[in-house]
Structures are given as C-alpha cells and as structure tokens.
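Subject: Structure handover and notes

Hello,

Please find the structure below, as promised. My notes come after it.

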Amino acid sequence: MLIGTPGAVTGNLLQKLEERRALKASGTASPHLWVLVSVLGDLVMAIAAGYAAYWLRFHSLKDFGNWDDLALRQYTGHMTLGTLTLLLAIGWQGIYHRNVLLRNRWIASKMAKAVLIWTLGFLAMTLALKLTPPISRVFVALNGSCALLLLLSWRLIFNLFLHQPARLKTLQQRTLFVGWNEDAQRLWNTLSTDKAHAFELIGWVDASGWRDSQALPSNLPFVGYLEDIHRVIARHEVDMIVVADLPRQQLVELANICEREMIQFKLAPSVFRIFVSGLSLETIAGTPVLGVNRLPLDSTLNVFLKRCLDIVGAVMGLLLSAPLIAFFGFMVWWESGRPIFYHQRRWGMNGVPFEIIKIRSMKLDAEAGKGAQWCVQDDPRRLKVGAFMRKWNIDEVPQFWNVLKGQMSLVGPRPERPELIAAFKHEIPHYNARHHAKPGMTGWAQVKGLRGDTDLSERIKCDLWYLENWSLWLDIQIMFLTFFKRDNAY
C-alpha cells in the first residue's frame, strides 16, 4: 500500500465533509439549478427583446419605411421563431455549463457573438422562407440590439447575485493539486489570477519530494504529503484533485480513492507538451487512445475559409501594393543596381521548401563569407532604403504572390531558412510542430515583437498558440495589428 490508510481520519472531519457535500447536493444550492435559472432568464430577455423591437418598429418608428400597421398577433409567429432560434444560438456558444457560470466577461463576449450571428442568420432565413407578413429588416435589427442590451444587463445582475459568498461556495469546487511540475505551475498561475473560475484552490500535496528539492512560490500553500491524503481530503473538504506528477501505481490507487470518496479526478497531460487543446479520446480496435487530432485547421471547412481569405487578400494586396513595389524597386535599383527582387529558399507547410519573394533590402554581398544569418539592429548589410522597408514590412509585400500560389498564407508562423533551422528541431522543443500550417506573411509572434534575432522559444510558443486557437477573426485581428506593431523590425 503506497498511500496511507483512512484509519487516522477522525469522525469530526468525515462528518464535516459529508455535511458540505449534502449542502452542495441540496436543490437550493445545486449549480445545475443556477444553470437552469440562467437559461430561463435568457429566455425571458429574448421574449422581452422581441416585444420591445415590435413596439419600436410598429409604434415608435412606424413612419420609417413603407410599412402598414401590423397587429401584435400578426407578428407573434415571427417573434416566437426569433426567440427560439436566439436561445439556440446562445446555447450553441457553450455558456450553459456550471463551470462557466462565474465567467461574466467570457459569457458577455459569447453572447455578443451569438446575437450577431443570430441577427444575420435570422434575417436571411426569414427572407428565404418568405414568411407572411414579410419580415421587417428594421425589426430584426432592433430585435438584435434589444436582445444584446437586455441579455448583458440581466447577466450582469445575475453574476453579482452568484458572487454572493453563500452561493459562491456552492459553485466553486475546492481543488487540490497532487505532485508538482511546470504544467501544474502554469495552471495554478492561470487560476490564481482569474477570480471568475469555478475552482477554489486549496494547495498542493507533495508526492515525490519536490518540496525538499525545489524553491516554490510563496503563494503556493503546502497542505501535506501523499501518505496523508485521506486526512487532507477530509480536512480541506476537497471536491476535485488534479494530478501533476505521480508514478503509475500510486496514480491508479489515488484514482480509486477519488472514486470511493466521490471526488473528481483530473490528470494534467504532462506527456503532451503541445496542442493540449486538441487532445481527444478515440477508440482504435476497441482500445481507447488519447491523442492530438482536433486542431482548428484540421477542419476542411476552416482550411477552405482561410484559403478564400488568402486569395481575396492576396489579389487586393497585389493590386494595392503595385505602386509601392514599383517605387521601392526603383529605389533599390538606384542605390544598388539589379536584381530588385530577392528569391530565398524557406521551409513551408510540412517542411516542403519553396522560394519566397522579397524586395531586396540588403547589399549584394550581404552573406559573403559568413553565410546565412539573421538581421540585427543597425545591421551594416542593409541598404539605406532597405532599413526603411524592413521597418515598415514593405520588403515583404511581393509575398502576396506566394500567397496567391498557395505556398503561404496571409497569417501563420513565419517561414524560416533551412540553413538557420537545421539544428532547431533537435535544440528547441516542438520547433517543427509549427510547420503543421502554411507559413504566413505575418503572424502572432510578429505582432508580439518576436521576429529576427529574438527568443526562439517564445516565438515557438506564440506559433503553437496560434495553431491551437486559430479562427478567421484572429487572422483579421493579426493583419490589422501588423500595421501598428513593428517592434524589432530591422
């Protein structure tokens, strides 16, 4: 037996634990009850938004546009359909779950997204169905505006209600960490700084002597050793255990204890250092296997949408940048002669090399003798016009052609030269994971100031975060930020 026996746990501790569980299980304190209340509250607000939009459109703004007065009963069908589809759109955002009840800002952003999608979708659907009487576009816009205002206001009041100490205690799960490592540290830091999560952090239990060999943060409460886990669970009224580092035999034993004591058992996936959000469980020949196979850009639809954005952006980019290319090409020729364009071999998606196109910003003999190297601040190899071009990313403009050819994307991890990164896959953890997507003209690392001769580990983290969190809206944000974020552009 590697974990201590429960015999030393006193009756008072066990009684205290049972009383708290009874309180959390009672109907008046159940988190599921508050989830139901949130659904009903959203339904009431959605209905109220429909009535408010009807009154505004056909009473307050009845002279706007060519519309006859319509009785409320004539619009009841439209309002009912709108209310039900709006509630479905909100639920589709995943906000009806006990673990997110306290995350007011996150819920607000999801609601805003749901209302916007609903407004456009509901208008398109009702116009396509040709409902009678015809739907008023002003009514739909007013309905969306009223819904957003009422929903956010109601959720703000509801959130203040939930944060009262008595209710907060039933919503938050008292969480204990077992073992310690870097993954546990990151999770602890994240939860400690976010007060709107559903976890009340108790502390950690040492399972492998980490406490005696490492300097730990002062804000990390130490509550005992693994051998005394039964007493720790009872004394601190633990609801959930997160295992960070534990040998297999003790891991199984602790999982059995959690099952007996009705405690949630979670395992920090230390084996998987990257793409943790893409972890999923699948069955192979009847055996469950955990692996990474669900990243946003694994979806055919997402790849198609990203490619459409690339084609539109590349065509517009080439047309709008043609005068820039002509002017700065002439300036390069005036200062340094031909060639104007510089072709350079880079690594693309899945490690397939391609020729990137740039306006030449360096002298013709820039790499003579020393070979491939990154540009540094005040680099003497730059042309006079090259320094200006690199600062404003003008030398990268011809890469719209690479995007149009499908070798690059508008946004993605920046492509590197094979000569510079030959040893990176052995020296830098997860380096080649960034090549699961097309390289980009700009990227998340670039707008964070991580370009050129900067910390490669941080750049890789940014690239991997981008791949895990990709969305079309994120691409648009990065493209916008590229015009204003020019740190380390030299």
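This is a predicted model: local features need pLDDT of at least 70, side-chain atom pairs count only at pLDDT 80 or more; totals for chains, interfaces and linings use all residues.

Residues are numbered from 1 along each chain as its sequence is written, and side-chain values use heavy atoms, with hydrogens and water left out.

Overall. The protein chain holds 18 helices and 11 strands (DSSP runs numbered from the N terminus: H or I of at least four residues for helices, E of at least two for strands). Of its 490 residues, 44% are buried (under 20% relative accessible area, with a 1.4 Å probe and protein chains only). Counting contacts (heavy atoms within 4.5 Å) between residues at least 6 apart in sequence, 69% join residues at least 24 apart.

H2 with H3. The axes of H2 and H3 (residues 72–92) come within 9 Å and cross at roughly 140°; axes are lines fitted to C-alpha atoms, for helices over the stretch in contact, and angles run from 0 to 180 degrees between N-to-C directions. That makes H2 oblique to H3 (angles under 35 degrees count as roughly parallel, over 145 as roughly antiparallel, 65 to 115 as roughly perpendicular, and the rest as oblique). The residues of this contact divide into 13 nonpolar, two polar and one charged (Ala, Val, Leu, Ile, Met, Phe, Trp, Tyr, Cys and Pro are nonpolar; Asp, Glu, Lys and Arg are charged; the others, Gly among them, are polar). On the H2 side they include Val 39, Leu 43 and Tyr 54, and on the H3 side Leu 72, Met 79 and Ile 90.

H2 with H5. Helix H2 (residues 31–60) also packs on H5 (residues 137–162), at about 145° with the axes 8 Å apart. By class, that contact has 20 nonpolar, four polar and three charged residues.

H4 with H5. H4 (residues 104–129) packs against H5 at an angle of about 165°, with axes 10 Å apart, which makes H4 roughly antiparallel to H5. Among the residues in contact are Ile 107, Trp 118 and Phe 122 of H4 and Arg 137, Leu 148 and Asn 159 of H5.

H7. This helix (residues 182–193) has 12 residues and spans 17 Å from first C-alpha to last, close to the 16 Å expected at 1.5 Å a residue (1.5 Å times one less than the number of residues). Asp 183, Ala 184, Gln 185, Trp 188 and Leu 191 of H7 are buried, and they pack against strands S1 (173–178) and S2 (199–206).

Regards

Key:
Buried means under 20% relative accessible area, exposed over 50%, partly exposed in between (1.4 Å probe, protein chains only).
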